[in-house]
Amino acid sequence: MMLQGRADRVCENLDRLNQDLFRPAVVDATVGERVGYSNYSYWHSTWKVFMQNRVAVFFICLLLGLLLFTFIQPFLPNQKSATEIFTDGGGKQLRNIPPGGEFRFGTNAIGQDLWARIWSGTRTSMFIGMAVGLFNALAGVTIGSMWGYVRKLDRLITELYNVVQNIPETVILILVAYILRPGIVTIIFAMCITGWLPTARYVRNQIIIIRDREFNLASRCLGTPVSRIITKNLLPQLVSVIMMRTALAIPLAIGHEVFLTYIGLGLPVSIPSLGNLVNEGRIVMMSPALRYQLLYPSLILSLITISFYILGNAFADAADPRNHV
């Protein structure tokens with residue numbers, strides 16, 4: 001009896017069914033794409049993580065402000081020339097005037113305004129550092145990528161690397177700076193000869209680690225050109241370390257410029273640079289009243305070096321996809 005009752009209820013429900021209760025679903029391709037779409041952006045996430053680092057934000061603002069001021073400083077009112085030698089009414093040079101009054105940072109041993117020379121020298125040293133850093137990064141990444149991915153080039157570039165690497169970098173810097181005419185171009189050329197080697201070696205090792213992974217094998221099987229595999233598959237995974245090495249190469253280049261000028265093979269005295277200023281301050285640093293000539297350029301040099309170091313590490317952490325939420 002119970003089974004008969006259930007069967008009757010099922011039949012009643014089936015009788016109530018009609019075509020109006022069944023409507024074909026409308027397929028909307030845009031809705032389907034919207035469901036599977038992710039608004040993740042690598043660079044947006046990198047910038048977001050970077051901006052969460054307050055120390056890095058402080059130093060990038062400090063560095064940008066410093067760089068901007070070096071360019072606008074000559075156009076501000078009451079600014080003096082960085083190369084002019086100032087004299088009093090009787091024609092006597094205003095040597096070693098302490099900071100304050102007419103000369104904010106004082107004058108050097110021949111009567112030049114230290115305030116103007118520091119900003120002019122910072123501008124020169126920053127230009128040299130950025131030029132050398134960008135060239136070394138570009139050459140190092142390009143050669144390192146080919147060195148690591150193209151097996152036929154491995155032996156040739158390895159032998160070339162071993163030959164150049166065994167020559168002390170300091171010797172090459174001194175020889176080039178000594179042979180060629182002193183100037184900004186000579187300094188940049190001397191630093192670029194061997195400056196790309198560490199980056200190339202590092203990129204080569206990283207490329208060898210990941211070049212035979214499955215996605216690269218699949219790309220090769222599909223006939224993808226080598227240049228596209230390198231730029232689309234390999235280099236995006238090395239963005240963090242490349243940016244970090246580039247950021248660290250800039251203060252390193254400034255340090256080399258200071259070293260060459262310190263030993264007398266850098267820029268001529270007529271071209272203000274942080275190296276020239278540190279060298280001038282070194283000569284008079286044993287006199288307590290004149291130590292300001294070493295203090296001010298050393299302080300600017302330290303701020304630039306520390307800023308690039310912190311920014312390089314912060315950006316490397318931010319560019320790591322594992323830190324993206």
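Mentor: Happy to. A residue is called exposed when its relative accessible area is over 50%, buried when that area is under 20%, and partly exposed in between. Keep in mind that this is a predicted model.

Trainee: What stands out about the phi of N78?

Mentor: The phi of N78 is positive, near 60 degrees, and N78 is not a glycine. As background, most residues other than glycine have a negative phi. N96 also has a positive phi, near 50 degrees.

Trainee: Where does N96 lie, then?

Mentor: N96 belongs to the loop between helix 4 and helix 5. N96 has 26% relative accessibility, so N96 counts as partly exposed.

Trainee: Switching to charges. How many salt bridges does the structure hold?

Mentor: There are 6 salt bridges in the structure. One of them pairs E280 with R117, with the closest N and O atoms 3.2 Å apart. E280 is in helix 13 (residues 274–284) and R117 in helix 5 (residues 114–149), so this pair ties together parts that are 163 residues apart in sequence.

Trainee: And is R117 buried or exposed?

Mentor: R117 counts as buried, because its relative accessibility is 0%.

Trainee: What about R151 and D212?

Mentor: Their side chains form a salt bridge, at 3.1 Å from N to O. R151 is in helix 6 (residues 151–165), while D212 is in the loop between helix 9 (197–210) and helix 10 (214–221), so parts that are 61 residues apart in sequence are tied together by the pair. R151 is exposed, with a relative accessible area of 53%, whereas D212 is partly exposed at 38% relative accessibility.

Trainee: Which other residue forms a salt bridge with D212?

Mentor: R220 does, and the closest N and O atoms of that pair are 3.3 Å apart. R220 has a relative accessible area of 33%, so R220 is partly exposed.

Trainee: Which residues are linked in the network of salt bridges?

Mentor: R151, R211, D212 and R220 are linked in that network.

Trainee: Nice. Now the greasy side of things: which residues make the nonpolar surface patch?

Mentor: I167, V171, L175, Y178, I179, L180 and F189 make the patch, which covers about 720 Å². Helix 7 (residues 169–179) supplies the largest share, with 4 residues.

Trainee: Where is L180 found?

Mentor: L180 is in the loop between helix 7 and helix 8 (184–195). L180 counts as partly exposed because its relative accessibility is 37%.

Trainee: While we're on helix 7, how do its axis and that of helix 12 cross?

Mentor: In general, two packed helices are described by the angle between their axes and the distance between the axes. For helix 7 and helix 12 (residues 239–262), the axes come within 11 Å and cross at roughly 60 degrees. The two helices are therefore oblique to each other, and their crossing is right-handed.

Trainee: One last thing: how many residues apart in sequence are L62 and L303?

Mentor: L62 and L303 are 241 residues apart in sequence, with their C-alpha atoms 8.7 Å apart in space. L62 is in helix 4, and L62 counts as partly exposed because its relative accessible area is 30%.

Trainee: Great, thanks for walking me through it!

Definitions and conventions
Residues are numbered from 1 along each chain as its sequence is written. This is a predicted model: local features need pLDDT of at least 70, side-chain atom pairs count only at pLDDT 80 or more; totals for chains, interfaces and linings use all residues. Side-chain values use heavy atoms; hydrogens and water are left out. Patches are made of residues with over 30% relative accessible area and no salt bridge: like charges are joined within 9 Å, nonpolar side chains (Val, Leu, Ile, Met, Phe, Trp, Tyr) within 5 Å. Accessible areas come from the Shrake-Rupley method with a 1.4 Å probe; for residues, only the protein chains shown count as cover. A salt bridge is a side-chain nitrogen of Lys or Arg within 4 Å of a carboxyl oxygen of Asp or Glu. Buried means under 20% relative accessible area, exposed over 50%, partly exposed in between (1.4 Å probe, protein chains only). Axes are lines fitted to C-alpha atoms, for helices over the stretch in contact, and angles run from 0 to 180 degrees between N-to-C directions. Angles under 35 degrees count as roughly parallel, over 145 as roughly antiparallel, 65 to 115 as roughly perpendicular and the rest as oblique. A crossing is left-handed if the near helix is turned anticlockwise from the far one by less than a right angle, and right-handed if clockwise.
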